[in-house]
Structures are given as structure tokens and as C-alpha cells.
Amino acid sequence: MWRRLRFALRRFCGSPAAFLPGGGRLPVAMERAVVRCVPSEPKLSLRFVLPDGSARHMQRDQAEPLGRVLARIATNVAKGHAKAAKKSKKARAEDGPAGEAAAAAPAVRLFSRDGEAVAEEVPNAAAWQDGAVLQIGEAQYRVERNPPALTDLQLPRSLLAGFPVCPRVSAEFAAPQHCLFYWYREQRPAAGGEAAAGGDGLAWVEAARERVFTPSNALVGLRLKLRCTPGDGEQRYGLPREVESSGPVEAGPGTCTFDSRHLYTKKVCGEGSIRAVSYNILADTYAQTEFSRTVLYPYCAPYALELDYRQNLLKKELAGYSADLICLQEVDKSVFVDSLAPALDAFGLEGVFKIKEKQHEGLATFFRRDKFSLLTQHDIAFSEALLSDPLHEELCDKLAKYPLVQEKVLQRSSVLQVSVLQSTTDPSRKICVANTHLYWHPKGGNIRLIQIAVALSHIRHIARDLYPGIPVVFCGDFNSTPSSGTYSFINSGGIAEDHDDWVSNGEEERCNMPLSHPFTLRSACGEPAYTNYVGGFHGCLDYIFIDKNALEVEQVIPLPSHEEVTTHQALPSVSHPSDHIALICDLKWK
């Protein structure tokens, strides 16, 4: 790593023996001329700093001849010299005629890496190559074309001892896994001591060199700083950037509900096995309401409902499961983009997101990138698919006979996320991963039956028509207990037209129709006593359904004990980030 860093520094400054115009050698370091040139954009940008300290930033057409850019640089430099000269009457008086020469345009030329002058008729896109040398008068600049660059670097607002700190890193021409990360902790001098870093009495001491840093209890009360140098994996590094935490590391909550579960998931499953997780993580848009604080979760400490606090717990929990597949429900769009996707990327997981229409939350599916690649996506909104997809024409015609129910179904924003993944080690192995969150209302059993019928019909098209024989893993918050019609329908393959759930909301919304599907699905984690535990309700609502003809269960990770769940009365709590409990199981190809 240090050898790569030294190489990067040489690239920043130029090699000790860089080319001079005409084939000579330059024994001193050169400044940088940074060129950004992307084929999909019409213009390229050029940035450099003149010897007088003034910065230049130019936007030029990629197809424009090089000579025009060089002429513009010369003109701009001459104008800068003239402007500076006018500010000093004394300088002009002392220099006499020489002062006028300062305003003359300097010679500006571009030389290729081998020291040959680049012809002025060459288009900009071809002329400005990495390693070329720009000469402005006697000043020399080494061209860096599309060097790795950080576009964003942020730390979470809440830092807890014992919980991983996952920075948000956005880069251009670079990848987070190839960047260099240096963590520092705050150090304040003893009373009366000298400050090592200036008059504010603050110094920074290196704490770690890793992408994800977990502060210890010894760092409680101290702030953190991260220095990140972007890299592209090809021995190129860009300029580093630093960010300091907005507040100090705080004490963690102690033992969490998921700590004992992590004992079963310390390592990633071996080849041929898949660890799957399904988890409703409680959207912030629902947690941060007066109704949630006073009616739904009055037993939960207000700070434990704050998004930043819950995200600390959630990231530690998910990272500790070492999962290959993670299906999440109630994921705020901003949480996916700013928190979960960057954090889980650091642990080797790639994610896709499907938002609910008219809402700010949706579904997220993550997969381990060294085990799977994303082949295709087939996401739908139930209401839209029901009206527009010929697959559901028969169901739509049946539903039209019950206008009150039809209206309710079409008003719902529920969605289905379907991802077809391919094994990276055995391309012949593919898997269909479905993820959903059905209608929530306790009296909405009839609505959920229609939604799940649409879902299974859509999955059938993918797993039978598009990818014949592909196994199915169907995760989600189905808002259905094991005694419900929805659960029975999924498990048995059919539902009778006289099932009680067709009148779940009374005779006025009766909706009788027989339904069937071709899959042989089973609940991989069985029927736990509950997966949702709040003050006024507890029950099993979440499932991981698997194709039992293609997959078998190796192990189910035990749920937290009832004592752990109720330590703080119910969920969520200071030691658990959601009102649901994650389901985790290890699956094996048959």
C-alpha cells in the first residue's frame, strides 16, 4: 500500500526526470493540469494553477482543435499579467519597457509523454492525454486525465462506540474499494500542555487504516477525522480529502438483541449455500411522527427513534449477519442512498431499490457481489400491473365485478421487487429473488389476496417463461399471520372462493374468487411466534418462502429470546432498531 501511495505522490508532483520540450529532461517536480474528459459529454474541463497562484478553469469543446485552447491560455495569462502590472505603479516605473513585456502572451505548447509537440490541429479529446506536459512560458504542468477524484465524503452524524462507522464516499474515476482510508481520533493536551496542532489545543492521532472503523469505548467523548485518498485500482490516486465528525463518539447501548444471533453468522456461507435475510426496518417517515411517539411506541425512548441512532444499530446488525441476500422493507429512499447502500457496499454487498408510488419509502434487495451478479430486474407496482399487464387480465376481469374492492386495490401503492441473480462461480445457476410489503390494514385480507395473486402470477412469468426452472426465494412483510388466507394461498398453491378472508372487511366488500399458483413454496423459517412485537400487537407477519423443489434449509438463525425482545417492553427500543425482527436462514441448492 505504501508503495502505491508513493507512486501516487509521484504522479501528483511529476517524476523526478520528466520530459522537457524538445526531448530534454526536467529534474524538478511539476504542477498538475487536471483534465476531465468524458465521451458522453460535449466539453472537457481543464484546471491548473499559474505560478502567481491564480487558478484557471476552462471548459472547451472536445472536438475543438488544440491550437485554439493553447491560444486562449496564452491570452488569459497575458491579461492576468497586465492586470497585475496595473496594480503596481511602482513596479511599472522601475521596470520601464520590461513592464510592458510582462503583458505579452507567453509561449504555450503541449508535449506528449515522449516529449514530442502535439500538433495544434489535433482535437482536444485526443490531445490531452494522461502524462502529457503543458508548457506555459517557463512553467511546466503534468497532465492528469480523468484522475481519481472524490465528489463527496461524509461521516454519519451519530457515532456510537462499538458500532461501525461507514463513511459515504462518492468518487469519479475511482472506486471506494480502491481508496485509501486513514482515521484519526481527537487528542486534547493535558492541562497546561502544549498543543501539537495549533492554538486551538487540538491534535489528531492516527487510529486506523481501514474503510470501516469501529471506535472503542476509549474514544467516547472524542471526535473523529477521516482522510480519504481516491484510487482507481490501477496505481492512480487523486487528491485526498478530509472530513471531521460533527460530534464526538457517544457510548453505545450495551448488549443488543442481535448480538447473540451474530454468533451464528460470523462467516459468510460457503459455495453452494446462500444466507438470506428478510427485514422490515421501520421507515423513518413512520417512526418520526407524533402518532408513533405517543401511540404506537410510547415505551421507546425518543432518541432511540431518531434515524441516526437507529441507523447505527441497523448497520451493525446487517453487517454482522454476513448475508448473501438481504431483502428489506420500509426503506426510506434517502436511507438507501445515503446510508445503507454505502455501508453495505463496504461489506461486499450491492443493492437495488424500488420506491412505492406516492411515498418516500420502498423495498431494497442486496446481494453479495462476489457470489452473485444482477442479471435482470422485473419490478412492478401491483395496481399498475393489474390494469396494464395482460398476465393479469383474467384476474382484473374477476375483480371488476367487485367495484369497492377494485377501487381499494387500485389505490394501494404496494410494489413487488424481483431480481434475477446469476452465480459468479457457476453461471448456470440463477435465482429469482422477490421482495414485497403487502397492504397493512388488519381488515385488508381480501386486498392482500389480490396483491399476492398478482405477485405470484408475475413471478411465475419470470421463473417459468423467461427463465424456465429457476428457483424462487420470496421474502417480505406479508402482513399476514399463519392463519390467514394469504399465507394459506402461498403455502398450498390455492385459495377457495369461500375463504373467510374474502369478507375480511364485511359483506359490503365481499370478493369471492378461487385462485391458484404453480409453485411449491414453504416458509424457510417456519412459523415463529412473532416477527413483529409492539405494545398493542405481536404476531408472525414476515416470511422467507423458498421453492422446496430446488432449495433446502441448512439452518435457521434463532430469533432473539422473548426476554431480549421485552427487555425494554417492546420494539423498537434502545437495543433494537425496528418494530420487526429479521428472519435469517441458510439455504442450499438441491
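Predicted model: local features only at pLDDT ≥ 70, side-chain atom pairs only at ≥ 80, totals over all residues.
Me: What makes E11 and E12 paired strands?
Reply: Two strands pair if DSSP finds at least two bridges between them, and strands themselves are DSSP runs of E with at least two residues, just as helices are runs of H or I with at least four, both numbered from the N terminus. Strand E11 (residues 180-187) and E12 share five bridges in the antiparallel sense, so the pair meets the requirement of at least two bridges. Trp183, for instance, has Ala208 in E12 as its bridge partner.

Me: Why is one side of strand E12 and of strand E14 left without a neighbour in the sheet?
Reply: The open sheet has four strands in the order E12-E11-E13-E14, with antiparallel pairing. Strand E12 (203-208) and strand E14 (241-244) stand at its edges and each has a single partner strand, so one side of each has no neighbour in the sheet.

Me: What makes a space a pocket and not a cavity?
Reply: On a 1 Å grid over the protein atoms alone, a cavity is a set of points where a 1.4 Å probe fits but cannot get out, whereas a pocket is an open set with protein on both sides within 12 Å along at least five of seven lines; lining residues have an atom within 4 Å of a point. The largest pocket has a volume of about 1100 Å³, a volume being the space filled by probe spheres set on the grid points, which are joined across faces, edges and corners. Its lining comprises 41 residues, with Glu330, Trp440, His441, Pro442 and Asn479 nearest the centre, and helix H8 gives the most to this lining, with four residues.

Me: How many cavities of 30 Å³ or more are there, and what lines the largest cavity?
Reply: The count comes to two cavities of 30 Å³ or more, and the largest cavity holds about 50 Å³ of space. Among the residues lining the largest cavity are Ile281, Arg310 and Glu330, and H9 gives the most to this lining, with four residues.

Notes:
Residues numbered from 1 in each chain as written. Heavy atoms only, no water.
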